[in-house]
Amino acid sequence: MKDMNTLRKGPQTGYPDSMPSMSYVWPFRFAGLAGACAICYISLSGAITSEGPLNHNSPIRFRDVAREAGIDFVLENCPTDRKHLIETMPGGIAAFDYDGDGLTDIYFTNGASVPSLEKDSPKYHNRLYRNLGHLKFKDVTDQAGLAGVGYSMGAAAADYDNDGHVDLFVAGVGRNILYRNRGDGTFEDVTTKAGIKNDNWSVGAAWLDYDNDGLLDLFVVNYVQWSPSFDLFCGNAAANIRVYCHPRFFKGLSNRLYHNQGHGTFKDVSVESGIAAHVGKGMSAAVADYDRDGFPDIFVTNDKLPNFLFHNLRNGHFEEVAFQAGVALLDSGSEISNMGADFRDFNNDGLPDIAATALSGETFPLFLNQGRGHFADAGYSAHMGRLSRIYSGWGIGLFDFNNDGWKDIFTANSHVNDRVEAFEATGYKQHNSIFGNDGDGTFSDVSAGAGDGFSIKRAHRGCAFADFNNDGRIDVVVSALGQAAELWENVSPAENTWLTLRLTGTKSNRDGIGAEMKVGDQYNEMTTAVGYASSSHSGVHFGAGSQREIDRIEIRWPSGVRQELRNVRTNQTLEVREPSH
């Protein structure tokens, strides 16, 4: 089988200075098709073809079903007159199947009282909603033991101990928590036992197997040095308009990398890996093997500082190469308020690109992977620069919402500062946005036609992505400061086909995180690190346009094992197990 590399196709800051920015024979099962199964054989020849043309003009439609679904979560950030910076930053979400029933559940992180940073009321509890099917959910937080402690920020889901049950890491202000899934509907706090220690302000995290040893490691994103005693007045004192202070008033932090040693324990390798040598103001981390050397790399957005790109040197060490690679800054050279990020191939050339969010006036970064370790600022050539200037974004995801074979962009929008309208001609609360992929390297803003209610303006923050009702269309759950969460059911016309791959590693980590997939003309990787402070763990989704069958699927597992599947029908969830020999 050919190597995967041979299969490729060919301003302004937005706020005043006192404001912040922020192969083998292998059986597999056709899930959902009763009694059906097939054996796929590896072939060393044959072109990747399509049965029919992809439909690039399919509309994207959503409707908010949170209330009727039984999701009544409200993000309590505890805003105060002192404008503590943490108050505008929470809202991470994890979408994952905690009970293994084939339905994706939802976990919301939540704030706490300020300045105590304690969850002294049930309204501050983090919340877990079990998916009952048919877009109905039940709050099972207390039964699961996931109410949490402290002022929580983000969440990251993955099966770190390879027992078949998805575990959960919760990032927070001075207090991170690692929950082990017991497999009986409950979780155990194993933070101390596992060796995960932290007294910093952590925003989120990413699970990855950086050394390909079959055990998932943990990368923790840290923001700035802050304490409740910080009381600088930022804003317009004469008019008594106080705002959240610009990040330049705070010292940055390095991120943390924990190596999974097995048996439920981790070792902090931040210094020896080279991660700790780089101090930033981290907002999110996204993972992909951007240079196709078989080892995962890490992109980190920084707030009003150059971004980081940690290139995996394959020997336990990382080299920070963001400037050399062209992803540290936009071509303007300005440091912007980088927020969430996703690391996926948007133009179907087989190389993962980077999409991120920022504040209004700064534009949402879009970096096109050109190969050989280099990226180009494609914001304006892809039309994202022009389209996104009016928005301030937090969460983001690159997913094919209309199943036309091209990944679109969803962003959860709002400005960072609730008094921004006193300084700028921009709004604080904003509606979410959808940028449809035109299939020619450009995007169009299709938010206006996304459906009734999509224009609602809130202080949106995190978002997570999954096919919550298993109908083949990717849905979105979004949090908003002080207001009810949104669950956007994807009701786009079902004229296009789809395929979702759910992986089980045998030699690789159980989740298959880091596996690379070539499906027809599309490429993707298995990751749960998506967006701002959030995590999406629900397999890997592909839109297939008018195709009823995919001629060839190629998978490169993190272990290096290569697998090929032939003549796979679309409109199904396919469970694929890594060959063990």
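A residue counts as buried when its relative accessible area is under 20%. Keep that cut-off at hand as you move through this predicted model.

Start by selecting E489. Its relative accessibility is 9%, so E489 counts as buried. R63 itself is partly exposed, at 37%.

Next, select R344 and D342, whose side chains form another salt bridge of 2.9 Å, N to O. Are these two buried or exposed? R344 is buried at 6% relative accessibility, and D342 is buried at 1%.

For a contrast in setting, go to R314, which is exposed at 52%. Its side chain meets that of D293 in a salt bridge of 3.9 Å, N to O. Then pick R552, E554, E564 and R566 together to see a network of salt bridges. The structure holds 24 salt bridges.

Finish at strand 10, residues 177-181. Four of its five residues are buried, so the strand is largely enclosed by the rest of the structure. On one side, three bridges join strand 10 to strand 9 (residues 167-172) in antiparallel fashion, with I177 as the bridge partner of V170. In the hairpin between them, look for G174, which takes a positive phi near 75°. Strand 10 also runs antiparallel to strand 11 (residues 187-189), joined by three bridges. There, N181 stands opposite F187, and G183 in the hairpin has a positive phi near 85°.

Terms used: Residues numbered from 1 in each chain as written. Predicted model: local features only at pLDDT ≥ 70, side-chain atom pairs only at ≥ 80, totals over all residues. Heavy atoms only, no water. Buried < 20%, exposed > 50% of the residue type's maximum accessible area, 1.4 Å probe, protein only. Helix = DSSP H or I, 4+ residues; strand = E, 2+ residues; numbered from the N terminus. Pairing = 2+ DSSP bridges. Salt bridge = Lys/Arg side-chain N within 4 Å of Asp/Glu carboxyl O.
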